[in-house]
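Cut-offs are given where a term comes up.

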Amino acid sequence: MTPVIFLDKIEKRYESGSVVTEVLKGVSFSIFPGELVSIMGPSGAGKSTLLYILGCLARPSAGQYKLDGVDVGKLSDEELSRLRNAKLGFVFQSFHLIPQYTALENVLLPTVYRRGRKQEKKRDIEKAKELLNLVGLEARYHYRPGELSGGQKQRVAIARALMNDPEVILADEPTGNLDSHQSDEIVRLLLDLNERGRTIIMVTHDPEVGRQARRMITIRDGLIQSDVPCS
Ligand SMILES: Nc1ncnc2c1ncn2[C@@H]1O[C@H](COP(=O)(O)OP(=O)(O)O)[C@@H](O)[C@H]1O
Ligand SMILES: [Mg+2]
């Protein structure tokens, strides 16, 4: 089987003036379709940087990254964003919803670039509603983020991440802004999506959340410290 994610000796450094920060110092791993992986580590370890690279939102300074067999280092920015839209769905700690839009409109955001015909739009709306049903928000289509709880906002964000049928969901501290009850619900939703076959990679510094994955990769000071199955 081809890994959906293949990283080989990925490095990332930031330079500002004469100061060079080495954030990732040679990270290698593969993730296969259907895996549920948590990426753990202390604050500043480089987890978000790694997720940004996985998400093709940043390019590594060195090393090779293949997404679904495609060497992303060889792609132009435009090809990269097309690949990103086709293959990846994102969930962030602070939800990143558009406050003026309803839940339904937020879920539809990944489709606005498709400039579809009427028929396609209708299908997109039906699908967005199905996804909101899937995440338990069937009664909230027309609510705006300000009218939703944190957990409900994250459900909208998860529905949005699923809109383009991505191969992989990337989540950066998806429970970071939630109380423990809502956090449990979001983790259960992610586990459920994984049961349905979705590949999920979630960054967290919360061990309670991290050990619910099937595999835990811990990074520290820009290197993999451990990569183990969860019991
Ligand atoms: N754009 C940037 N420019 C310079 N340094 C950065 C930038 N982004 C992150 N860093 C540094 O990289 C290190 C790791 O950051 P990050 O990946 O956000 O860690 P984590 O998500 O594990 O807390 C930190 O020391 C941070 O200050
Ligand atoms: Mg982070």
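Strand β9 (residues 215–220) is mostly covered, with 5 of its 6 residues buried; buried means under 20% relative accessible area, exposed over 50% and partly exposed in between, with a 1.4 Å probe and protein chains only. The model is predicted: local features need pLDDT of at least 70, side-chain atom pairs count only at pLDDT 80 or more, and totals for chains, interfaces and linings use all residues. Residues are numbered from 1 along each chain as its sequence is written, chains are lettered from A and ligands numbered from 1 in the order in which they are written, and side-chain values use heavy atoms, with hydrogens and water left out.

**Pairing of β9**
- Helices (H or I, at least four residues) and strands (E, at least two) are DSSP runs, numbered from the N terminus.
- Two strands pair if DSSP finds at least two bridges between them.
- β9 pairs with strand β3 (residues 36–40) in the parallel sense over 4 bridges, and R215 in β9 is the bridge partner of V37.
- Strand β10 (residues 223–229) runs antiparallel to β9 and is joined to it by 6 bridges; I224 in β10 stands opposite I219.
- β9 and β10 form a hairpin with 2 residues between them, and D221 in the turn has a positive phi of about 50°.

- An open sheet of 4 strands has the order β2-β1-β4-β5, with antiparallel pairing.
- β2 (19–31) and β5 (70–71) are the edge strands, each pairing on one side only.
- Strands β1 (residues 5–16) and β4 (residues 62–67) run antiparallel and are joined by 5 bridges; L67 in β4 stands opposite I5.
- Helix α1 (residues 47–54) packs on the sheet, touching β1, β2 and β4, and its direction makes about 120° with that of β1.
- Axes are lines fitted to C-alpha atoms, for helices over the stretch in contact, and angles run from 0 to 180 degrees between N-to-C directions.

**Helix α5**
- Because 11 of its 13 residues are buried, α5 is largely enclosed by the rest of the structure.
- The buried residues of α5 pack against β6 (88–92), α3 (103–108), α4 (118–134), β7 (168–172) and α6 (180–195).

**R84**
- R84 lies in helix α2 (residues 77–87).
- R84 is buried yet has no salt bridge, that is, a side-chain nitrogen of Lys or Arg within 4 Å of a carboxyl oxygen of Asp or Glu.
- The nearest side chain of opposite charge to R84 is D77, 7.8 Å away; Lys and Arg count as positive and Asp and Glu as negative, while His and the chain ends are not counted.
- Leaving aside neighbours within four places in sequence, R84 is in contact (heavy atoms within 4.5 Å) with G55, C56, L57 and F90.
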